[in-house]
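Subject: Structure handover

Hi,

Here is the structure you asked about. Please open it alongside this note and follow the residues as you read.

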There are 12 protein chains.
Amino acid sequence: MFQMIEVIGVSKEGFSQAVDQAVSDVAKTKKNIHFFEVTEQRGCVHEGKIKEFQVKVKVAFIE
Amino acid sequence: MFQMIEVIGVSKEGFSQAVDQAVSDVAKTKKNIHFFEVTEQRGCVHEGKIKEFQVKVKVAFIE
Amino acid sequence: MFQMIEVIGVSKEGFSQAVDQAVSDVAKTKKNIHFFEVTEQRGCVHEGKIKEFQVKVKVAFIE
Amino acid sequence: MFQMIEVIGVSKEGFSQAVDQAVSDVAKTKKNIHFFEVTEQRGCVHEGKIKEFQVKVKVAFIE
Amino acid sequence: MFQMIEVIGVSKEGFSQAVDQAVSDVAKTKKNIHFFEVTEQRGCVHEGKIKEFQVKVKVAFIE
Amino acid sequence: MFQMIEVIGVSKEGFSQAVDQAVSDVAKTKKNIHFFEVTEQRGCVHEGKIKEFQVKVKVAFIE
Amino acid sequence: MFQMIEVIGVSKEGFSQAVDQAVSDVAKTKKNIHFFEVTEQRGCVHEGKIKEFQVKVKVAFIE
Amino acid sequence: MFQMIEVIGVSKEGFSQAVDQAVSDVAKTKKNIHFFEVTEQRGCVHEGKIKEFQVKVKVAFIE
Amino acid sequence: MFQMIEVIGVSKEGFSQAVDQAVSDVAKTKKNIHFFEVTEQRGCVHEGKIKEFQVKVKVAFIE
Amino acid sequence: MFQMIEVIGVSKEGFSQAVDQAVSDVAKTKKNIHFFEVTEQRGCVHEGKIKEFQVKVKVAFIE
Amino acid sequence: MFQMIEVIGVSKEGFSQAVDQAVSDVAKTKKNIHFFEVTEQRGCVHEGKIKEFQVKVKVAFIE
Amino acid sequence: MFQMIEVIGVSKEGFSQAVDQAVSDVAKTKKNIHFFEVTEQRGCVHEGKIKEFQVKVKVAFIE
């Protein structure tokens with residue numbers, strides 16, 4: 001059975017890279033990740049520049 | 001009159017490239033594409049790495 | 001108090017760059033931007049190629 | 001079986017007329033239209049006046 | 001206390017007239033209607049022409 | 001850069017006219033309005049008759 | 001004029017049967033039911049087994 | 001490339017059977033159907049009994 | 001305190017059975033399941049026939 | 001069978017109190033109220049101060 | 001014409017107080033505030049305790 | 001990396017207190033909670049009085 005885990009990935013470069021980071025992090029503890037779904041895209045700004053792209057991602061794995 | 005067609009674009013690189021692939025594919029059969037709207041961002045994972053970014057896109061063309 | 005301003009950023013390269021452009025533009029008049037939220041991703045197409053990635057972004061600043 | 005086709009209707013007069021135009025246009029190629037659903041209402045403006053009311057409409061027909 | 005009642009109004013002319021018809025009908029049995037909210041806009045089509053504009057409306061009244 | 005401003009337009013006649021009034025009012029202070037999006041349709045009722053059609057509209061302009 | 005009534009139907013067997021039960025129950029007091037829309041699907045569980053499928057349903061009738 | 005087609009399936013028995021009918025019907029003209037998504041569940045009623053379960057389904061195929 | 005876990009249940013027979021399978025699977029590791037909520041209904045197709053009904057379900061348990 | 005009734009509760013103190021007022025009011029005519037769901041939180045303001053917190057609430061009762 | 005401004009109110013005590021703070025802050029620069037709508041409720045936590053309730057609020061005023 | 005956990009908090013007093021209880025409970029097992037988001041507000045009623053305010057909350061922590 002697939003289980004969904006919701007996490008937040010971050011990157012200085014962009015949204016795709018933030019998802020990549022989220023999946024990599026989940027992969028450290030969950031071995032059978034199959035797919036992901038982006039549920040939110042945000043980010044934080046410092047002195048007028050984007051400091052961090054943030055994505056909320058649901059990652060599906062089989063336990 | 002604009003008509004919307006909903007397709008799924010994929011890319012190994014990122015979401016923007018996946019949209020690009022979707023639009024290119026629709027452009028093979030529809031000549032007058034004007035705009036697109038992203039409705040979903042997902043992807044699949046293999047051995048802890050993103051294998052494919054997937055975007056669901058509504059593409060608007062004039063027939 | 002945070003205030004949200006909703007703007008549209010554009011880029012020829014991708015969605016992340018379009019957000020970047022939106023934040024940079026808001027930063028010209030608002031000094032204390034803290035975060036942003038993407039609310040829509042669209043784009044326009046010319047002769048079968050993406051001419052512009054467009055993001056609708058809510059930018060939060062303190063006045 | 002009903003199939004839904006999504007199109008954009010436009011009118012200088014109003015939203016109801018824009019739906020009317022969308023249905024008339026779809027009726028040129030689809031003979032058995034039964035119902036429609038409005039999914040979006042927008043429009044464009046020129047020199048401070050509404051130039052065009054636009055409705056996104058899902059039109060249901062039997063092929 | 002306001003109570004919401006959800007009804008469907010119809011008109012051959014347009015959406016605004018369909019809301020008007022819905023409110024008039026509710027007014028036959030509820031005396032203190034204060035406001036309404038449109039929740040859906042649809043319609044049915046016959047021989048390529050709109051036969052009926054339909055609006056789903058929540059009507060708020062005080063009993 | 002486009003900026004979105006959200007306003008409420010009203011009319012005794014209908015929703016399209018309420019949008020028209022909203023756009024006209026925004027046009028008094030913003031010179032470069034390009035498009036609008038309807039986000040809500042409501043209204044108020046007095047003695048069983050619609051007193052006012054109300055539309056919440058996001059108006060996009062370039063500053 | 002159609003009026004919508006929102007009810008919750010339940011069944012030990014499945015969602016379709018729960019809708020069936022909801023419609024049957026409404027039919028005891030409302031004579032002219034025409035259609036229904038499912039707005040939510042839930043259920044309760046006891047000792048690891050589904051005890052009840054629950055559907056929230058809007059039922060449309062003419063009074 | 002996957003393309004989504006939106007159709008309405010019906011059944012006298014239940015929602016799952018209505019999806020089954022929708023997929024079977026699409027399969028008559030589209031050879032490579034891969035998956036589907038349910039977007040709406042409705043139905044019509046006659047003399048207090050459900051006459052038809054209806055599902056709106058997006059069916060994804062490769063052309 | 002209730003905790004929600006989101007999982008995907010599958011069945012060859014229908015959506016209700018897919019929920020049943022999801023709840024049974026969660027029940028192997030969580031003893032106090034109280035209720036569930038369906039958040040998505042999808043499925044996959046092979047050679048024009050539904051191979052698997054899939055439901056995304058939030059299952060609520062007390063730890 | 002549960003039936004949902006949608007009402008608006010108000011309070012000068014806060015949202016929780018506004019729900020309380022709504023439930024109390026419904027309880028005057030409906031004896032078997034079981035649960036409620038908040039669907040909207042608004043309020044009105046007079047001379048820069050909140051005059052009334054308003055909640056739209058669906059109240060479930062057994063008739 | 002009503003204009004909506006979206007702001008974030010905060011409070012150590014609760015959501016209603018956070019809305020109160022948001023309205024008070026907007027009232028410093030906008031004289032004719034009429035109503036507000038809550039669009040999001042969040043908060044931040046420090047050492048296991050809620051440090052701040054946060055509400056995103058659309059405040060309607062007449063300029 | 002932030003992980004989101006979805007729980008239900010309850011209180012006899014109000015929604016803010018229910019969130020407080022949810023966060024306190026999560027804090028017993030998760031040490032680094034940073035923020036929360038309210039996703040649903042409900043409650044149960046007994047003999048015409050609110051017995052329990054319930055909030056569904058997503059709590060974000062770093063593991």
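Lys31(L) is exposed, because its relative accessibility is 63%. (Exposed means over 50% relative accessible area, buried under 20%, partly exposed in between, with a 1.4 Å probe and protein chains only.) Lys31(L) sits in the loop between helix H1 (15-27) and strand S2 (32-46) of chain L. (Helices, H or I of at least four residues, and strands, E of at least two, are DSSP runs numbered from the N terminus.) A polar atom of the Lys31(L) side chain lies 3.1 Å from the backbone oxygen of Ala27(L).

Some ground rules. This is a predicted model: local features need pLDDT of at least 70, side-chain atom pairs count only at pLDDT 80 or more, and totals for chains, interfaces and linings use all residues. Residues are numbered from 1 along each chain as its sequence is written, chains are lettered from A and ligands numbered from 1 in the order in which they are written, and side-chain values use heavy atoms, with hydrogens and water left out.

Next, Arg42(G). Arg42(G) belongs to strand S2 (residues 32-46) of chain G. It counts as buried because its relative accessibility is 15%. Its side chain makes a polar contact with the side chain of Glu37(I), at 3.3 Å. (A polar contact is a pair of N or O atoms within 3.5 Å; within protein, one must be able to donate a hydrogen and the other to accept it, and residues adjacent in sequence count only if both atoms are side-chain atoms.) Leaving out residues up to four places away in sequence, Arg42(G) touches several residues, including Phe15(G), Phe35(I) and Arg42(L). (Contact means heavy atoms within 4.5 Å.)

Now the sheet in chain I. Strand S3 (residues 49-62) of chain I is mostly covered, with ten of its 14 residues buried. Strand S1 (residues 2-11) of chain I runs antiparallel to S3(I), joined by ten bridges. Gln3(I) has Phe61(I) as its bridge partner in S3(I). Strand S2 (residues 32-46) of chain I also pairs with S3(I) in the antiparallel sense, over 13 bridges. (Two strands pair if DSSP finds at least two bridges between them.) There, Glu40(I) is partnered by Lys56(I). The hairpin of S2(I) and S3(I) has two residues between the strands, and Glu47(I) takes a positive phi near 50° in it.

On to the aromatics. The count is 36 aromatic pairs over all chains. (Rings of Phe, Tyr and Trp, the last by its six-membered ring, pair if their centres lie within 6.5 Å; planes under 30 degrees apart count as stacked, over 60 as edge-to-face and the rest as tilted.) Phe15(B) and Phe53(B) are edge-to-face, because their ring centres are 5.0 Å apart and their planes stand at 80°. This pair links distant parts of the chain: Phe15(B) is in helix H1 (residues 15-27) and Phe53(B) in strand S3 (residues 49-62) of chain B, 38 residues apart. Phe15(B) is buried at 2% relative accessibility. Phe53(B) is buried at 3%. In another chain, Phe15(A), Phe53(A) and Phe36(C) form one aromatic cluster.

Last, the chains. Chain B and chain K make no contact, and their closest C-alpha atoms lie 21 Å apart.

Best wishes
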